[in-house]
Amino acid sequence: MKEQLEKRLTELKAELLSGQKVMADLEAKQANLRDTLLRISGAIQILEELTSSTKQDDYQNNNYVQEESNLQYQLKD
């Protein structure tokens, strides 16, 4: 009986160690994924700001060209 208990104890300790290794691997993967998602989120934010800025610059440039064309047209008259 004692031998069976010791055998089971050894098995359980091995399972615990194996589970702890799996848990450590999963936690490392989770941390890496969190870092990757944070970098992707930051890149998205920067690109959104740049595209927003570019759209605003294009709009301002178009308005400037249109105003300049109107001014030249008015000067011809």
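Student: Where does L37 sit?
Tutor: L37 is in helix α1, residues 2-76. Helices here are DSSP runs (H or I, at least four residues), numbered from the N terminus.
Student: What should I know about the model itself?
Tutor: It is predicted, so local features need pLDDT of at least 70 and side-chain atom pairs pLDDT 80 or more, while totals for chains, interfaces and linings use all residues. Residues are numbered from 1 along each chain as its sequence is written, and side-chain values use heavy atoms, with hydrogens and water left out.
Student: Which residues make the nonpolar surface patch?
Tutor: L33, L37, I40 and I44, over about 370 Å². Patch residues have over 30% relative accessible area and no salt bridge, with nonpolar side chains (Val, Leu, Ile, Met, Phe, Trp, Tyr) joined within 5 Å and like charges within 9 Å. Areas are Shrake-Rupley, 1.4 Å probe, and for residues only the protein chains shown count as cover.
Student: Switching topic. How many salt bridges in the whole structure?
Tutor: Two. The criterion is a Lys or Arg side-chain nitrogen within 4 Å of an Asp or Glu carboxyl oxygen.
Student: Which side chain does E11 meet?
Tutor: R8, at 3.4 Å, N to O. Both lie in helix α1, three residues apart, about one turn.
Student: And E15?
Tutor: E15 also bridges to R8, at 3.9 Å. That links R8, E11 and E15 in a network.

Technical notes: Helix = DSSP H or I, 4+ residues; strand = E, 2+ residues; numbered from the N terminus.
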